[in-house]
Every structure is written in C-alpha cells, then in structure tokens.
Amino acid sequence: MSGEALLLSLRLACTVAVLLLIIALPLAYWLAFTAWRGKFLLESLVALPLVLPPTVLGFYALIALGPRGAVGRLWQTMFGHALAFTFTGLVLASMLYSLPFAVQPLVASFESLDRRLLDASAMLGAGRVRSFFRIILPLAWPGVVTAVVLSFAHTLGEFGVVLMVGGNLAGITRTVSIDIYDRVQALDYAGAHQTALFLLLISFVVLSVVYGMNRRVWAPWGHR
Amino acid sequence: MLSVHIEKEFKTTGTPSFQLKIGEELLPGFTVLFGPSGAGKSTLLDCIAGLVKPDVGEIRLGEEIFFDAEKEIVVPPQKRGIGYVFQSLALFPHLSVEENVAYGLLGLSVPERAGRMERVLGAFHIGALQGRTPGQLSGGEKQRVALARSVVTEPRVLLLDEPLTGLDGGLRQAILEDLRSWNAERRIPIVYVTHNREEVDAIGDRVIAMVDGHVRGRGMPREVLDAPRAVALAQAAGFENLLKGRVLEHRTSDGVMRVALAEGHCELEIPLGKAQKGEPIQVAIRAGDILLATQIPYGISARNILPGTVESIETQGTVVNVQVNAGARFSVHVTPGAMRSLELTPGSVVWLVVKTHSCHVVTPQ
C-alpha cells in the first residue's frame, strides 16, 4: 500500500473541501435567494460536472491551466511556474469537478428555510450579513456538513480529472485511485486490493460519522 | 400617525389578478384590520413593513418617508423601526427564548440591554422561560415570546398578524392586557390583523374592514361588523347563514321585529332595526351561534325554535357542519362529541334554537 499516495489524496480532498465551501457559500446564497430570471443558466453551469465525463472536464481544465491557457498564463506571470501537473493545478481542477457536490446541498438547505425567519430577522434590524451568520448558517448546518463531506469524498475518489490534469507524478499528483490503477496495470492485485480496501473503509467511516452527527444536529430544537 | 396610500397588483397566470388599494391614516393605539382570508391583510402589513414593495403611492410615519414611489424612496425593512409579529410567529428555533427576545438589541450598552430585557420579560410574564427553546413552549408562551421580541426594540409601529389565534378567550384577554399596558405610555400605532370576530370584540378599538384588497368599512366594531353593510363583509365576519327575508312587523316594546324568510314558512325574531315593514333584508347568523336539540326545548330564553330535519353531516377537524332543513336551510356547527351524544344522522328530527341577538341584519347588495 502506498502511504504517500494516500496522504496526498487526503491532503487534496481536505484542501478542496475547505476552499470549495468558501466559494460555494456565497454562490449558493445567491442562487437560493435571487429573483433573477436567468439564474437557471448559472444553475446549469454549476451542475455541468455532474454529467460531463471527467476526461472532458479534465481536458478543458488542462488546456486552461496549461502554459498557453488563460489561467495558466496568469499563474505563470504571478508565481513563475506552470499549473498543469502540479498539486495546485490538481486542487483547481478538483474544485471545478466537485463544485455541484458543494453547491447543491447548500442551495437545497437554504431554500428549505422558512423565509419568515429571515423576514423576522430583518424586522429586528439585522442586515444581510447578520441574518446569514445568526439565522441561515446555523439552521442550514446539515446542508453545510453534507456539502463538505460530499466534496471531500468526491475528491478522494476522483480519477479521470486527476489523470488528465495531474498526470502520474509520485508524491505530487499520484493520488490513491491512480496508485490503484497503476498496481492493477502491473498485475499487483494484492497491493491494489490493500489500498482499495483501505479507501473503502475510510470512506465508510467518514460518511458514517457525518450521517450520525447530522441526525444529532437537528435534535436540539426538535424539527424534522 | 402612520399614513398608508398605496396600490399593488399581483398578476398570476390563470387566475384574475389581485389588486390591493389602500388609503388610510392609522392613529396611535389599536387599529383592527378585519377581513376574510385572501382579503390582502397580511400583504398590506408586508407593504408597511417593507417586505413587499407597492407599485405606486407612499407610506409615511409622521414626516418620515418609508416609501415613496415618485421620489423612488424605499427604506429597507431593517431601517424602518417597525415591530412585526407574523402569523407563524417565526421564532428562531435554534435560539433560546432569551436569545430570541434579545436578537434585535444590537448596539446597546450592557446595562441598557439588561434593563430592557428585564422589563419586557416581566411585562409579558415570560421570565421563567428564558432558557427554553421555542420547541419547548406552549402555543400561548410562543405568542408571548414573539410579542416580547417585537416590542423590546421599542418600535415606532407594531404590526400584528393574527398573533393570538388559537388561544382561549381568557388567555387572549390576558395577553391583550399586557400589550395594552405596554402601549399605554408609548402610544404607537398598533395594526392588529384578524379574521376572527371574537378578537375584534375583545380588542374593541377601531376596525378597518377589508374585502378583496379594498377597504369596505371603518369605525367601531359595532358600527362596522354588527351592521355589515355588504353581504361580502357579513361573510367575512363569519356568518355562514345568510337568509333572505322580509320584515313582517315591529314589536317595539319587546325590542324585536319578526321576519319571514323567503324559503319555506320560517319566521325569525330578530333585534329591532331600521328596516321598514315589508322591506327585503338578509339575516346573517353564525353557524356556531345555533343550538341543536333532539327534543323540543322548554323554559328557554331563546325566542327562535324551529323544527327541521338533518340533511347532511360533514366533519371538518374539530367542527361538525350539520345542514338542517327547517323550510329554509341552515348550517349549524357542533362539536364531534355533541354529534355523538345527540346521535345525529341524516334524517334525524331536530329543533334549531337561535337567540334573537344572534340574528344580524344585512342589507342586500
């Protein structure tokens, strides 16, 4: 079993989950509360990674992040090195790939909030920011937890995008799923099995912890 | 004084559009906004609060403009200084009673904040509930907390959307007293929405009657609702029975007049009114004001006792709606328990018992 690949995967999944939450919160807020008629366009855009083959997404990400792509060039001038086949490039592509898994649970939980609670907050003098942190976020907490877990788990298991954008560089971009693929190609079934089983167990434990916790999040005020 | 002169049209596909058109001056103290559901009462409150933007017009509190369509002034709800208790109360489920009430107290000094909390928790008798969450409160307690939360910020206008629905008369009266004494020294306009006639009487202040987005009457409850000029308003006031009839005679010394109903051969004794002999009128009777008896009652003060047969029985929650044919058709509301103990079935012979003062005269439109 490759500990290096496992650690890299965990580091990638954690980074993506945290960064994605920071981006997804305002995006989901806007999608849930805007009255703009054209919002379905943005909704479709956000949902796109759900239906696209990872190779398609990975291909465009590679082009964008490459030395001749817009993002890649900007990055090169700012930091002096390329993005493709680096850990940072992997983070960016993975964020794109897992975006719907972070945004959609948040939108769903924001939309299910009783709007009158937000009206009540406004009538008591609270502006948008105060309403968001005192009312929306605590009440949408299960949605936030779900968003973080899904983006974490989804990133942990991704394969196609990583292979396209990151390649297969040990310690830099060789994640667990690619490691398993390598071993199967090399007919090292025992090694592949060890890593695969470990990934399976980690995923199950993480999901169990979160679903178990999620149930208790509701309990203090007895709804649902 | 709160001055509201607005229009707002709601277009929905399929149904005719709904138009709210209001021109009212709301004085300090209680004003009851009365009307059937769908009359636009809550929408009017939302417009005053700033949660819904009217199409045209203006809303002012004294000289201060909240909304002016021409000058394009729209003050956001959080800057209006208005207290609003929603029909659903909208207590924050994840916060304790204390945190709920203190939610609007931002930017006050610690002693000022503590003083206000102490006064309001005392005034609404909820000091003992501070540590609980809304899920652990009874209906009446929730309503007290919602009221306390909306007044602790010292609003300049208070909007109450059916805040005391579902409470029994005594508890409602007690909470109203708390509210009245709270407002005694402040004298801010309180707009109280209800579709419950009993609540109108319990408050007993000025009434504005709304039907279909428009004001159909204003004045004291007795003027507006006991003599509803429009049939629509009688329906709004909760009169399930609207019976066409004609005045037969006046019995001035008894304080009554006799009315022959158009259907069947029923006669009713109703309070003396302005209608002339022979004049067509409508008599409005609430279904809940009619008693049912399975034997002819004796020694009873009610003047109207009509024999009839049960036509149909329909249970709607805790109310059983019994249709009785007594020549004319009457709707009668009884409890499921009463229905069982009287063993009512379609075809049962019953007597309808109606007090004279349960009969109200409505002029036909």
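Two strands count as paired if DSSP finds at least two bridges between them. That cut-off matters for strands E16 and E20 of chain B, which pair in the antiparallel sense over four bridges. One of the residues involved is Leu291(B), whose bridge partner in E20(B) is Val353(B). The model discussed here is predicted.

**The five-stranded sheet**

E16(B) and E20(B) belong to an open sheet of five strands. The order is E16-E20-E17-E18-E19 in chain B, and the pairing is antiparallel. Which strands stand at the edges? They are E16 (290–293) and E19 (328–334) of chain B. Each has a single partner strand, so one side of each is left without a neighbour in the sheet. From one strand to the next, the twist averages 40°. Strands of a sheet pair through backbone hydrogen bonds, either parallel or antiparallel.

| Strand | Residues |
|---|---|
| E16(B) | 290–293 |
| E19(B) | 328–334 |
| E20(B) | 349–354 |

**Chain B as a whole**

Chain B has 365 residues, and 38% of them are buried. Its secondary structure comprises nine helices and 21 strands. The C-alpha atoms of chain B fill a box of roughly 70 × 50 × 50 Å, taken along the principal axes. How much of the contact set links residues 24 or more positions apart? Among contacts in chain B with a separation of 6 or more, such pairs account for 65%.

**The contact between chains A and B**

Chain A puts 18 residues into the contact, and chain B puts in 19 residues. On the chain A side, helix H6 (115–123) and helix H7 (128–139) each supply at least two residues. Which element gives the most to that side? It is H6(A), with six residues. By type, the chain A residues that touch chain B divide into 11 nonpolar, four polar and three charged.

**Confidence**

The model scores ipTM 0.78 and pTM 0.74. Chain B averages a pLDDT of 88, and 96% of its residues score at least 70. Where in chain B is confidence lowest, and where is it highest? The lowest value falls in helix H8 (residues 231–236) of chain B, at a mean of 68. The highest falls in strand E7 (residues 82–85) of chain B, at 96.

Note on methods: Residues numbered from 1 in each chain as written. Chains lettered and ligands numbered in written order. Predicted model: local features only at pLDDT ≥ 70, side-chain atom pairs only at ≥ 80, totals over all residues. pLDDT = per-residue confidence, 0-100. Axes fitted to C-alpha atoms, helices over the stretch in contact; angles between N-to-C directions. Contact = placed C-beta atoms within 7 Å. Nonpolar A, V, L, I, M, F, W, Y, C, P; charged D, E, K, R; others polar. Buried ≥ 20, exposed ≤ 12 C-beta atoms within 10 Å, placed from the backbone.
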